[in-house]
Every structure is written in C-alpha cells, then in structure tokens.
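Good morning, and thank you for the time. Please have the sequence and the structure in view while I speak.

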Amino acid sequence: MKRRFIQCDVFTSVPTCGNGLAVVLDGEGLSDEAMQRFAAWTQLAETTFLQPPTDPAAADYRVRIFTTTRELPFAGHPTLGSCAAWAYAGGAPARPGLVRQECAIGIVEVDLGGDVPAFVAPETRITELGKDRVAEIVRVLHLDPRDVVGSAYLVNGPEWEVLELRSAAAVLAADPSGAHFPHERAIGLIGPHEAGAETDFEVRMIDVWHGVKEDPITGSLNAAIARWRQATGRLDKPYTVTQGSVIGRIGRVHVRPAAGGRVMIGGETIILVEGTLEL
C-alpha cells in the first residue's frame with residue numbers, strides 16, 4: 001500500500017545540518033512490526049507514524065515514535081518534525097496556533113505563535129545522580145572532575161544522566177572514544193558559553209553502551225535540562241542552546257519560560273523530501 005512520506009531536518013535553519021526525521025503521514029493500519037521494520041530501514045535516529053487520535057476532541061493527531069530498535073514514549077525532535085510535516089501536508093489544528101499531539105506520555109502541546117514552533121516540555125522527575133555515577137561518567141568521557149558543577153538524574157519519558165560543566169569549552173572537550181558501559185546510558189552535558197557568544201549554552205547527548213553514539217540535537221534532553229533549571233530557580237529568561245558542533249551539525253534549541261509554569265522548547269524544521277512509499 002502506498003503511503004505519504006516526508007523527510008525533514010529539525011532544530012536547524014541549515015538543510016542537512018539538524019537532526020533528520022522520517023515521517024509516515026498516514027500510518028493508520030500499520031502493525032508494530034511493520035513500523036519498527038521501516039524505522040530500522042531508514043537508519044535515522046527516529047521515524048514517526050501519524051495516525052488518527054484516540055480522542056479527536058483531545059488531540060489533532062496521534063504519533064508513534066520509533067528508533068531503529070524500539071518505540072519511544074516521547075522525543076523532542078520527532079515532536080516538532082511530526083508537527084511540521086503534518087501541517088505541511090495540510091493538517092490544521094482545531095485551535096488555531098496550537099497543535100495538540102497525542103503520544104505515549106499523553107498530550108503534548110505545540111505552540112505555533114512564537115518566533116519558532118515550540119512544544120511544552122513534559123513534567124520531569126528530578127533526582128540525585130549518585131557520586132559513583134558521576135565519577136564513572138567523568139572517567140569514561142575523560143573529563144576534568146574540577147569542571148563538574150552540578151548533576152542530576154532526569155526522567156521525562158527517556159532517562160538522562162546529566163552533568164553541568166563549568167563551560168561550553170569543557171563540554172566540547174569531552175572525549176567518549178572507547179567508552180563502554182554494561183548497560184545503555186544516555187549522558188547529557190551542558191555548559192555556558194562566554195558572554196557575547198551567539199548562543200548561551202553548549203549541549204551534547206552521548207549514548208554509551210556497546211559503542212558510542214552522539215545525537216545531533218536532542219529536544220527531550222534539552223526539555224529535561226530546562227525543567228531542571230526551572231526547579232532550581234535558574235530559568236527566569238529565554239536562552240538558546242547549540243548542539244551537534246562536534247559532529248558537524250548546526251543545531252539550535254530555543255528555551256523559554258511561559259505562563260503557568262510551562263517551559264517551551266522550540267526550533268525550526270526544514271522539509272527536505274516528500275513523496276510516497278510502499279509499506
């Protein structure tokens with residue numbers, strides 16, 4: 001059966017320099033096995049499948065999010081990219097300027113009224129990251145322990161072990177080559193740029209298990225970090241993040257506090273490819 005398909009680049013204004021996403025626009029009727037098989041075939045970080053919402057009064061559409069190996073309950077760049085693809089294909093939200101996307105963690109709102117589309121960061125569970133875990137990350141990434149100024153274990157669907165470093169330079173200097181853990185670990189790093197820089201922070205997401213994979217730009221990690229900053233009283237104004245620098249990407253994530261305690265995570269999406277596929 002032929003299905004409509006879009007490939008886009010998220011969290012960038014420069015084509016092929018963001019985080020790629022495949023979107024199957026009419027994913028209704030596909031089995032879990034078929035979706036996982038296609039997601040593995042694309043070899044992209046994530047592939048999404050749009051379907052009618054479970055409750056049409058509560059959401060504009062439903063999205064299923066797959067990596068090459070498993071389904072995710074939530075992810076950031078698939079949220080913005082799926083929304084952009086849905087709108088590009090003619091989707092119109094029930095409430096103008098606000099898209100309500102259903103995914104496994106519930107309804108995620110995407111605000112279209114700002115400078116860039118932005119989703120509401122999900123509530124995030126914030127707990128302590130033990131000293132042993134911190135020391136292990138420092139060792140594996142060849143960090144200077146004196147550069148670590150904070151740490152947290154953050155869960156907003158995905159699970160993140162995050163270190164806050166003294167500077168963006170320290171983030172960029174992290175070296176995951178040869179890293180190995182007996183179980184998969186998703187590590188986030190954040191550090192501030194010097195005053196006057198184009199962006200406020202540098203972020204990296206390094207997935208370590210049997211090998212190392214660095215994510216180009218990670219909306220869900222940036223959402224979790226923003227919620228952490230909010231919980232610790234450090235989110236009183238908007239800020240911008242650079243991500244992907246080490247692997248040749250030009251990622252930009254826009255973070256801003258909003259009314260009602262909400263935190264908005266925004267970025268641009270570029271449509272690169274559209275067509276049909278047999279699936």
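I shall begin with the basis of the model, then turn to a helix, an annotated position and the aromatic rings.

This is a predicted model, in which local features need pLDDT of at least 70 and side-chain atom pairs count only at pLDDT 80 or more, whereas totals for chains, interfaces and linings use all residues. Residues are numbered from 1 along each chain as its sequence is written, and side-chain values use heavy atoms, with hydrogens and water left out.

Let us start with helix α1, which spans residues 32-42. Helices (H or I, at least four residues) and strands (E, at least two) are DSSP runs numbered from the N terminus. Which residues of α1 are buried? They are A34, M35, Q36, F38, A39 and T42. Here, buried means under 20% relative accessible area, exposed means over 50%, and partly exposed is in between, with a 1.4 Å probe and protein chains only. The cover over these buried residues includes β1 (2-10), β2 (19-24), β3 (46-51), β4 (61-66), β5 (71-72) and β18 (269-278). After the helix comes Q43, with a positive phi near 65°.

I turn now to E46. An unreviewed UniProt entry places the feature "active site" at this residue; UniProt positions are given in the numbering used here, feature names are shortened, and annotations may be inferred rather than shown by experiment. E46 is located in strand β3. Why does E46 count as buried? The reason is its relative accessibility of 12%. Apart from neighbours within four places in sequence, E46 is in contact (heavy atoms within 4.5 Å) with G20, L21, A22, I65, F66, T67, L72, H77 and P78.

Next, the aromatic rings. The structure holds seven aromatic pairs. Rings of Phe, Tyr and Trp (its six-membered ring) pair if their centres lie within 6.5 Å; planes under 30 degrees apart count as stacked, over 60 as edge-to-face and the rest as tilted. One of the pairs is F38 with F49, edge-to-face at 6.3 Å centre to centre and 70° between the planes. This pair links distant parts of the chain, with F38 in helix α1 and F49 in strand β3, 11 residues apart. Both residues are buried. F74 and F119 also form an edge-to-face pair, at 5.7 Å centre to centre and 70° between the planes. F74 lies in the loop between β5 and α2 (76-88) and F119 in strand β8 (residues 118-120), so this pair ties together parts 45 residues apart in sequence. Finally, ring pairs link F5, F38, W41, F49 and F66 into a cluster.
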